[in-house]
Every structure is written in C-alpha cells, then in structure tokens.
Amino acid sequence: SQVNAKVVQLILEDKYDVYMVYNGNYDGNVHAYGPEDSHTLGELRINAHMFAQIWETISENWKDHRTLLGFCPDHGCHLGGPGLEDDEVGGHGLDIPKDREILHYFTALGEEN
C-alpha cells in the first residue's frame with residue numbers, strides 16, 4: 001500500500017524519531033468475516049509480511065540507532081455470544097475474555113537492546 005511504501009521511504013530518509021503505520025485491512029476483514037476466516041488470516045499475513053519488510057529496512061539502515069519496533073494488531077473480537085445473533089462476526093466491546101485477547105509483538109534493535 002501507499003502507507004507502507006511511504007514509511008519505508010521515511011525510514012530510509014531517517015528524518016523522524018517515531019513512525020506509526022496503521023493498515024485497516026485486517027480490522028475490516030475481522031468485522032466482515034470473523035477472526036479465523038481465510039480472508040481475515042490472509043490480510044494478517046499481508047500485514048506480517050509488511051512488518052518484516054519494515055524490520056529489515058530498519059535493521060539494514062539504522063545500525064547506529066536503538067529502536068523499539070512493535071507489531072500491534074487492532075483488537076480482540078468474538079463470534080456470536082451472549083446477546084448477539086449467531087451469525088454476527090467480528091464483534092467486540094462486551095468485556096469478555098475473547099475481546100481482551102490482544103497479541104502485541106515487540107523487538108529491540110541496535111547496539112544496546
């Protein structure tokens with residue numbers, strides 16, 4: 001996407017201290033198809049691939065920087081449940097365990113991790 005290409009360009013230019021990238025494709029598919037649908041998982045793979053490209057760009061070009069890099073998928077969600085229609089997919093906001101299951105991944109790069 002244009003956003004991903006832009007952040008790679010900005011990393012190469014080394015102008016800023018903080019970069020944040022949001023790709024809405026995963027979130028949109030969670031709400032449309034549910035968290036474990038092949039469409040949703042495909043979009044998650046795309047985002048993970050982009051994360052790997054950003055990590056590689058930083059690793060190769062910021063050897064003298066100390067960097068914290070995070071991959072933070074949107075939010076937890078559930079399929080159906082109390083008060084929901086059986087066919088509702090990708091819901092959240094009920095304060096149930098599935099809505100609080102959010103995996104975030106971080107790595108430190110640089111000489112003094």
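Lys6 sits in helix α1 (helices are DSSP runs of H or I with at least four residues, strands are E runs of at least two, numbered from the N terminus). The model is predicted, so local features need pLDDT of at least 70 and side-chain atom pairs need 80 or more, while totals for chains, interfaces and linings use all residues. Residues are numbered from 1 along each chain as its sequence is written, and side-chain values use heavy atoms, without hydrogens or water.

**Overall fold**

- The protein chain has four helices and two strands.
- Along the sequence, these elements follow the pattern α-α-α-β-α-β.
- The protein chain has 113 residues, and 29% of them count as buried (buried is under 20% relative accessible area, exposed over 50%, partly exposed in between, with a 1.4 Å probe and protein chains only).
- Take the contacts in the protein chain with a separation of 6 or more: 53% of these join residues 24 or more positions apart (contact means heavy atoms within 4.5 Å).

**Helix α2 against helix α3**

- The axes of α2 and α3 cross at roughly 170° and come within 8 Å (axes are lines fitted to C-alpha atoms, for helices over the stretch in contact, with angles of 0 to 180 degrees between N-to-C directions).
- That makes the α2 and α3 pair roughly antiparallel (over 145 degrees; under 35 is roughly parallel, 65 to 115 roughly perpendicular, the rest oblique).
- On the α2 side, the contact is made by Asn25, Tyr26, Asn29, Val30 and Tyr33.
- On the α3 side, their partners are His39, Thr40, Glu43, Leu44, Ile46 and Asn47.
- The residues of this α2 and α3 contact divide into five nonpolar, five polar and one charged (Ala, Val, Leu, Ile, Met, Phe, Trp, Tyr, Cys and Pro are nonpolar, Asp, Glu, Lys and Arg charged, the others, Gly among them, polar).

**Helix α1 against helix α3**

- The axes of α1 and α3 lie 10 Å apart, at an angle of about 10°.
- α1 and α3 are therefore roughly parallel to each other.
- α1 brings Asn4, Val7, Val8, Ile11 and Leu12 to this contact.
- These α1 residues meet Met50, Ile54, Thr57, Ile58 and Asn61 in α3.
- The contact of α1 with α3 has seven nonpolar residues, three polar and no charged.

**The largest pocket**

- The largest pocket holds about 880 Å³ of space (a pocket is an open set of points on a 1 Å grid over the protein atoms alone, where a 1.4 Å probe fits, with protein on both sides within 12 Å along at least five of seven lines; lining residues have an atom within 4 Å of a point; points join across faces, edges and corners, and volume is the space filled by probe spheres on them).
- The lining has 32 residues, and the closest to the pocket centre are Tyr19, Met20, Val21, Leu69 and Gly70.
- Elements that give two or more residues to this lining are α1 (2-13), α2 (25-33), α3 (38-61) and β1 (67-71).
- α3 gives the most to the lining of the largest pocket, with six residues.
- By type, the lining divides into 21 nonpolar residues, six polar and five charged.

**Residues to look at**

- Lys6 is partly exposed, at 40% relative accessible area.
- Between Lys6 and Val21 there are 9.5 Å in space, C-alpha to C-alpha, and the two are 15 residues apart in sequence.
- Asp14 lies in the loop between α1 and α2.
- Asp14 is not a glycine, yet its phi is positive, at about 55°.
- Most residues other than glycine have a negative phi.
- Asp14 is partly exposed because its relative accessibility is 36%.
- Leu44 belongs to helix α3 and is partly exposed, at 26% relative accessibility.
- Leaving aside neighbours within four places in sequence, Leu44 is in contact with Tyr26 and Phe71.
- Leu44 and Asn23 are 21 residues apart along the chain, with 9.9 Å between their C-alpha atoms.
- Thr67 is part of strand β1 and counts as buried, at 12% relative accessibility.
- Leaving aside neighbours within four places in sequence, Thr67 is in contact with Ile58, Trp62, Thr107, Ala108 and Leu109.
- Thr67 and Asp17 are 50 residues apart along the chain, and their C-alpha atoms are separated by 9.3 Å.
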